[in-house]
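The following exercises are to be worked with the sequence and the coordinates at hand. Each task is followed by a solution in steps.

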Amino acid sequence: MVLPVFIMLILGMFELGRALMIKQSLTYAAQEGCRVAILDGSTLASVRTKATDSLQPMGIAATSVTVTTNPTAPSSGGYNTPVAVTVSVPYASVSLVPSSFIPSTAVLSVTVTMRRETVK
């Protein structure tokens, strides 16, 4: 009688640990993408490439990752203007639990903001 509850508790701890690990990986990818975005001549494609490449060692497919920047053209801002990079992934695509147990709207998302580095 206690065994099913105990197993569910253990599986829940594994899933929570996995979610925290994925969230930290998304933070790293957003930081790497933002480092590219604040440089002169950066493009949305170069930011996406850097962010998705950062997630490859974690086994997160680039096709499931969404990378957006604000402003849309990262190099369009002037000196010291903020650039935000958001990296998000549907939780069902990275979860260890079958997707029937996870709401389809669950998304892990991280936004990192840095200031542009340009020549005045």
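**Exercise 1.** Is L108 buried or exposed, and what is its relative accessible area?

*Solution.* The model is a predicted one, in which local features need pLDDT of at least 70, side-chain atom pairs count only at pLDDT 80 or more, and totals for chains, interfaces and linings use all residues. Residues are numbered from 1 along each chain as its sequence is written, and side-chain values use heavy atoms, with hydrogens and water left out.

Step 1. Apply the cut-offs: buried is under 20% relative accessible area, exposed is over 50%, and partly exposed lies in between, with a 1.4 Å probe and protein chains only. L108 has a relative accessible area of 14% and is therefore buried.

Step 2. Helices (H or I, at least four residues) and strands (E, at least two) are DSSP runs, numbered from the N terminus.

Step 3. List the partners, where contact means heavy atoms within 4.5 Å. Apart from neighbours within four places in sequence, L108 is in contact with A19, I22, K23, L26, V87, S88, V89, Y91 and V94. For V94, which is 14 residues away in sequence, the C-alpha to C-alpha distance from L108 is 9.5 Å.

**Exercise 2.** Determine which elements the protein has and how spread out the protein is.

*Solution.* Step 1. There are two helices and three strands, and along the sequence they follow the pattern α-α-β-β-β.

Step 1. The radius of gyration is taken over C-alpha atoms, and the globule rule is 2.2 Å times the number of residues to the power 0.38. The protein has a radius of gyration of 18 Å, well over the 14 Å that the rule gives for 120 residues, so it is more spread out than a compact globule.

Step 2. The C-alpha trace spans about 70 × 25 × 20 Å along its principal axes. Of the 120 residues, 35% count as buried.

**Exercise 3.** Identify which residues touch the most other members of the largest nonpolar core.

*Solution.* Step 1. A nonpolar core is a set of buried Ala, Val, Leu, Ile, Met, Phe, Trp, Tyr and Cys residues joined through side-chain atoms within 4.5 Å. The largest such core has 23 residues, of which L26 and V87 touch the most other members.

Step 1. Two or more residues come from each of α1, α2, β2 and β3, and α1 gives the most, with seven residues.

Step 2. Leaving aside neighbours within four places in sequence, the contacts of V87 include L26, A29, A51, L55, V65, V67, L108 and V110.

**Exercise 4.** Describe the faces and the pairing of strand β1.

*Solution.* Step 1. In a regular strand, side chains alternate between the two faces of the sheet. In β1 (residues 66–70), V67 and T69 form the covered face, whereas T66, T68 and N70 form the uncovered one.

Step 1. Strands pair if DSSP finds at least two bridges between them. Five bridges join β1 to β2, and the two run antiparallel. N70 stands opposite A84 in β2.
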